[in-house]
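Here is a short report on one protein model.

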Amino acid sequence: MRTEESIGQVENVAVSWRDYLELCKPKVVLVMLLTALVGMFVATSEQPALATVIYATLGIGLAAGSAAAVNHVMDRRIDEQMARTHRRPLPQGKISPMQALVFAALTGVLGIGMLALLVNPLTAWLTLASLIGYALIYTVYLKRATPQNIVIGGIAGAAPPLLGWTAVTGTLDPHGLLLMLIIFAWTPPHFWSLCIARKADYAKAGIPMLPVTHGERYTRLQIMLYSLIMCICTALPYLTGMSGLIYLVGISLLNMRFMYWAYRLMFYRVNGEPMKMFRHSINYIMAFFIVLLLDHYLIVQAAG
């Protein structure tokens with residue numbers, strides 16, 4: 001393991017733009033931007049302005065990358081101890097904590113500023129609240145304080161579709177909040193599956209994730225219960241008139257598949273099953289938003 005260095009120091013290791021890109025957790029941010037983009041397009045029966053889509057996507061993406069970079073800094077000691085994260089730029093000494101914080105500050109200010117000046121103030125304020133919620137409240141406090149960290153902190157991670165919605169409309173809308181609720185309910189089964197697979201790493205790092213504090217059996221039960229809650233939440237777009245029959249059929253099929261994996265995770269103890277559930281949950285949330293978008297535009301075309 002590397003010894004802890006002062007905040008301004010960095011080992012003599014070549015740094016590339018890819019290391020700074022990794023600070024932004026690009027795979028996670030891309031999924032977030034997909035949900036934000038769908039939020040923009042389903043918020044209106046017309047095509048949203050191209051400039052709004054571009055500026056909002058860039059602003060939300062930069063803010064999300066800023067929050068991720070702060071997460072890298074705050075979790076660098078934990079990352080050194082975990083097999084999944086020990087090759088990140090900070091544990092490897094490629095980037096110093098100070099360099100990462102400066103990068104986070106620049107991208108955060110640029111992203112929030114772009115949203116405030118080129119999109120609308122409401123989206124900027126909500127994005128700032130999401131950034132603070134993830135980078136500081138979740139990473140600095142909740143992650144180390146309670147096994148319910150991902151449930152409480154999931155509010156910040158669930159914001160992107162709402163941010164996309166407000167970027168286009170400039171107002172808070174129940175349907176935008178509903179999309180946020182669905183991601184909020186999806187987050188625990190998604191992340192706790194990973195926590196089961198990486199239980200030993202979290203225990204070694206002293207992080208009170210649910211499988212560490214309450215055991216795998218209890219965590220698998222919670223995954224099943226939250227999966228059921230998520231399925232109920234995903235029925236609400238149809239029940240509220242936000243979506244139509246195409247969405248209902250599509251989400252029903254997706255939910256049956258998701259519950260199949262939740263059932264397997266709860267009742268079978270097969271090596272690799274938690275990671276399969278984790279990966280499937282990522283595919284699920286992307287498919288959910290694609291079905292939502294497809295249904296929306298078919299309804300718009302039918303109405304036109």
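Asp 75 is buried, with a relative accessible area of 1%. Buried means under 20% relative accessible area, exposed over 50%, partly exposed in between (1.4 Å probe, protein chains only). The model is predicted: local features need pLDDT of at least 70, side-chain atom pairs count only at pLDDT 80 or more, and totals for chains, interfaces and linings use all residues. Residues are numbered from 1 along each chain as its sequence is written, and side-chain values use heavy atoms, leaving out hydrogens and water.

Asp 75 forms a salt bridge with Lys 143. The term means a side-chain nitrogen of Lys or Arg within 4 Å of a carboxyl oxygen of Asp or Glu. Lys 143 lies in helix H6 (residues 121–145) and Asp 75 in the loop between H3 and H4, so the pair ties together parts 68 residues apart in sequence. Helices are DSSP runs (H or I, at least four residues), numbered from the N terminus. Lys 143 is buried too, at 10%. Asp 75, Lys 143 and Arg 144 are linked in a network of salt bridges.

The whole structure has six salt bridges. Three of them are listed here.

| Pair | N to O distance |
|---|---|
| Lys 143 and Asp 75 | 2.6 Å |
| Glu 273 and Arg 264 | 2.4 Å |
| Asp 19 and Lys 94 | 3.8 Å |

Asp 19 is buried, at 7% relative accessible area. Lys 94 is partly exposed, at 26%. Glu 273 is buried, at 1%.

Key
Helix = DSSP H or I, 4+ residues; strand = E, 2+ residues; numbered from the N terminus.
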